[in-house]
Amino acid sequence: MAMTSFTTRIDADLKAELEQIARFEDRSASYMANQAIRAMVEERRATRKLVQTGLDLVEQGAPSIPASEIHDWFMADDDRPFPAARPAL
């Protein structure tokens, strides 16, 4: 895989922690930063794909749960049952 340089600003404390972790794992700070960025990019790509899949399913008429019901469930006590999906209109 081709490599290129990337310059960024980072908090001094975070840089020190990154360097400490890199020393502990016998790796360079650059390698550790590259791995962290790769993981974040892959996670964001997967999230975007899941969101697009959900939007596609809603467009196709798949059952869904209104956002207000999800919000109410999230804010409720722990024993409240998850709301049921309803057929699309």
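Leu18 touches Ala29, Met32 and Ala33, when residues up to four places away in sequence are not counted and contact is taken as heavy atoms within 4.5 Å. The model is a predicted one, in which local features need pLDDT of at least 70 and side-chain atom pairs count only at pLDDT 80 or more, while totals for chains, interfaces and linings use all residues. Residues are numbered from 1 along each chain as its sequence is written, and side-chain values use heavy atoms, with hydrogens and water left out.

Leu18 is found in helix α1, where helices (H or I, at least four residues) and strands (E, at least two) are DSSP runs numbered from the N terminus. Helix α1, residues 12–24, packs with helix α2, residues 29–59, at an angle of about 105 degrees and with their axes 8 Å apart; such axes are lines fitted to C-alpha atoms, for helices over the stretch in contact, and angles run from 0 to 180 degrees between N-to-C directions. That angle makes α1 roughly perpendicular to α2, on a scale where angles under 35 degrees count as roughly parallel, over 145 as roughly antiparallel, 65 to 115 as roughly perpendicular and the rest as oblique. On the α1 side the contact is made by Leu18, Glu19, Ile21 and Ala22, and on the α2 side by Ala29, Met32 and Ala33. By class, this contact of α1 with α2 has six nonpolar, no polar and one charged residues, with Ala, Val, Leu, Ile, Met, Phe, Trp, Tyr, Cys and Pro counted as nonpolar, Asp, Glu, Lys and Arg as charged, and the others, Gly among them, as polar.

Ala16 also has its place in helix α1, and its C-alpha atom is separated by 9.6 Å from that of Ala29, 13 residues apart along the chain. Ala16 is partly exposed, with a relative accessible area of 42%, given that buried means under 20%, exposed over 50% and partly exposed in between (1.4 Å probe, protein chains only). In the loop between α1 and α2 is Asp26, which has a positive phi of about 55 degrees although it is not a glycine, and which is exposed, with a relative accessible area of 70%.

The segment before α1 holds Met3, a residue that is exposed at a relative accessible area of 67%. From C-alpha to C-alpha, Met3 and Val41 are 16 Å apart in space and 38 residues apart in sequence, whereas Leu18 and Met75 are 36 Å apart in space and 57 residues apart in sequence.

Finally, there is the largest pocket. About 700 Å³ of space lies in the largest pocket, a pocket being, on a 1 Å grid over the protein atoms alone, an open set of points where a 1.4 Å probe fits, with protein on both sides within 12 Å along at least five of seven lines, and lining residues having an atom within 4 Å of a point. Of the 24 residues that line the pocket, Phe6, Ser30, Ala33, Asn34 and Ile37 are the closest to its centre. Helix α2 gives the most to this lining, with 11 residues, and the lining divides into 13 nonpolar, six polar and five charged residues.

How values were computed
Grid points are joined across faces, edges and corners, and a volume is the space filled by probe spheres set on the points.
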